[in-house]
Amino acid sequence: MANISGNATFRHLHHATFVEWLVVLLGVVIMLVGVAFVIGGADLAMLGGSIYYAICGLVLLAGGVLMVLGRTLGAFLYLGALAYTWLWSLWEVGFSPIDLLPHAFGPTLLGILVALSIPVLRRQEARFSSKGTV
């Protein structure tokens with residue numbers, strides 16, 4: 001019988017290692033950044049500004065949720081948003097390192113952490129599929 005309470009979704013956290021908890025924390029941070037981007041980006045878009053923040057925020061929110069759920073796709077969504085951020089930054093300010101720094105430094109640091117989390121997420125997915133909980 002299906003687990004109606006939804007506990008099967010977070011079953012991977014029951015015996016999670018410290019590193020797996022850090023990946024969950026990273027996913028939560030990315031979700032919060034995504035929410036801030038969606039809210040701020042929607043306001044900016046309504047004022048006639050760039051829709052970058054709203055689009056990127058939606059992708060970050062989805063990526064963070066998937067990372068919390070132990071899915072590798074969440075990390076790849078973040079890395080896709082990072083590539084989009086770099087393209088947008090280069091389009092907006094050009095190749096000036098000083099001007100690129102505030103646009104891309106923080107997201108790139110998070111991107112390094114996300115890239116390092118991929119093996120942990122893959123291990124979790126392998127554990128899910130071997131137990132039939134995917």
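The buried residues of helix α3 are T72, G74, A75, Y78, A81, L82, T85, W88 and S89, where buried means under 20% relative accessible area, exposed over 50% and partly exposed in between (1.4 Å probe, protein chains only). Helices here are DSSP runs of H or I with at least four residues, numbered from the N terminus. This is a predicted model, in which local features need pLDDT of at least 70 and side-chain atom pairs count only at pLDDT 80 or more, while totals for chains, interfaces and linings use all residues. Residues are numbered from 1 along each chain as its sequence is written, and side-chain values use heavy atoms, leaving out hydrogens and water.

- With 22 residues, α3 reaches 32 Å from its first C-alpha to its last, close to the 32 Å expected at 1.5 Å a residue; the expected span is 1.5 Å times one less than the number of residues.
- After α3 comes G94, whose phi is positive, near 85°.
- Look for T85 in α3 (residues 72–93); T85 counts as buried because its relative accessibility is 3%.
- Leaving aside residues up to four places away in sequence, T85 touches Y52, C56, H103 and P107, a contact being heavy atoms within 4.5 Å.
- T85 and A104 are 19 residues apart in sequence, and their C-alpha atoms are 6.9 Å apart in space.

**A salt bridge**

- Side chains of opposite charge can pair when their charged atoms come close.
- The count comes to one salt bridge, defined as a side-chain nitrogen of Lys or Arg within 4 Å of a carboxyl oxygen of Asp or Glu.
- R127 and E20 meet in a salt bridge at 2.8 Å, N to O, and this pair links distant parts of the chain, with R127 in helix α4 and E20 in helix α1 (residues 18–46), 107 residues apart.
- R127 is partly exposed at 28% relative accessibility, whereas E20 is buried, with a relative accessible area of 1%.

**Aromatic rings**

- The structure holds six aromatic pairs: rings of Phe, Tyr and Trp (its six-membered ring) pair if their centres lie within 6.5 Å, and planes under 30 degrees apart count as stacked, over 60 as edge-to-face and the rest as tilted.
- F37 and Y53 form an edge-to-face pair, 5.3 Å centre to centre with 70° between the planes; F37 is in α1 and Y53 in helix α2 (residues 52–68).
- Y52 and Y53 have ring centres 4.8 Å apart and planes at 75°, so this pair is edge-to-face too.
- Ring pairs link F37, Y52, Y53, Y84 and W88 into a cluster.

Methods. Helix = DSSP H or I, 4+ residues; strand = E, 2+ residues; numbered from the N terminus.
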